[in-house]
Amino acid sequence: MSKPEQLGQTPWQTVGPFFHYALPWQGGADLIGASDIGARTDLVPEGHFLLRGPAPRAPIAGEPIEIEGVVYDGVGAPVPDALIELWQANAAGRYASPADDCDAIPLDADFTGFGRASTGADGAFRFRTIRPGRVPGLGNALQAPHAAVSIMGRGILKRLITRIYFEDAEGNDDDPVLALVPSARRSTLIARRADPRGAYRFDIRLQGADETVFFDI
């Protein structure tokens with residue numbers, strides 16, 4: 001009878017087949033303007049492009065920002081077929097949701113707070129949005145400005161949930177959710193200023209060294 005050390009590790013495979021998500025749409029990653037970022041139009045055959053384009057919208061209140069980054073797998077290779085969803089409050093700190101009934105805080109009619117982006121062939125993604133306002137959290141304490149993020153991709157059977165905080169935002173030191181994360185790993189949830197134009201860098205690492213903190217919800 002063969003011994004385990006003679007046979008070596010049992011081979012494994014990533015769950016497949018792999019496919020391009022049909023969920024993104026042109027402009028799905030632009031929450032404040034009319035650009036067409038979000039969908040992988042390069043994967044749609046000519047003459048078959050049926051994804052709806054960006055809709056016109058009124059000016060959105062708040063500070064415009066961009067969030068850009070790359071999704072990496074466990075060995076540090078870019079993931080070219082991931083789908084990123086972003087959900088956030090408006091600049092005043094209110095969600096465009098029936099569950100947020102704080103009528104004292106105004107809504108922006110053309111700001112849903114929801115965006116969706118495919119990663120490119122290089123694993124990169126980009127969102128255009130506004131800096132979110134602070135919303136109540138555990139014990140009604142104000143949370144630091146943040147955006148909720150979900151990630152879907154190859155080999156991921158259940159979407160991964162994380163958050164984006166901003167390095168220069170008020171309230172990071174006493175945010176009730178960020179405080180639950182071990183201090184050595186909080187940096188994986190912090191978006192850093194990438195350039196003066198208002199862009200933040202936020203890479204997502206699915207496994208391995210500096211793995212992004214994901215929440216069990």
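**Aromatic contacts and nonpolar cores**

The charged end of arginine 131 lies over the ring of phenylalanine 166, at 5.9 Å from the ring centre. The model is predicted, and the values given here are computed from it.

Phenylalanine 166 also takes part in an aromatic pair. Its ring centre is 5.0 Å from that of tyrosine 200, and the planes meet at 70 degrees; the pair is therefore edge-to-face.

The structure holds three aromatic pairs. Another of these joins tryptophan 87 and tyrosine 95. This pair is stacked, with 5.4 Å between centres and 25 degrees between planes. Tryptophan 87 is partly exposed, at 31% relative accessible area. Tyrosine 95 has 18% relative accessibility and, because the limit for buried is under 20%, counts as buried.

The largest nonpolar core has 28 residues. Ile67, Val71, Ile84, Phe127, Ile164, Phe166 and Ile204 touch the most other members. At least two residues of this core come from each of strand 1 (64-72), strand 2 (83-88), strand 4 (124-130), strand 5 (146-152) and strand 6 (160-166). Another core, of eight residues, lies apart from it; Ala144, Tyr165, Val177 and Ile190 are among its members.

Isoleucine 84 illustrates the packing. Beyond its neighbours within four places in sequence, isoleucine 84 contacts Val71, Gly115, Arg116, Ala117, Thr119, Phe125, Phe127, Val149, Ser150, Ile151 and Ile204.

How values were computed: Residues numbered from 1 in each chain as written. Predicted model: local features only at pLDDT ≥ 70, side-chain atom pairs only at ≥ 80, totals over all residues. Heavy atoms only, no water. Core = buried A, V, L, I, M, F, W, Y, C linked by side-chain atoms within 4.5 Å. Buried < 20%, exposed > 50% of the residue type's maximum accessible area, 1.4 Å probe, protein only. Helix = DSSP H or I, 4+ residues; strand = E, 2+ residues; numbered from the N terminus. Contact = heavy atoms within 4.5 Å. Phe/Tyr/Trp six-rings, centres within 6.5 Å; stacked < 30°, edge-to-face > 60°. Lys NZ or Arg CZ within 6 Å of the ring centre and 35° of its normal.
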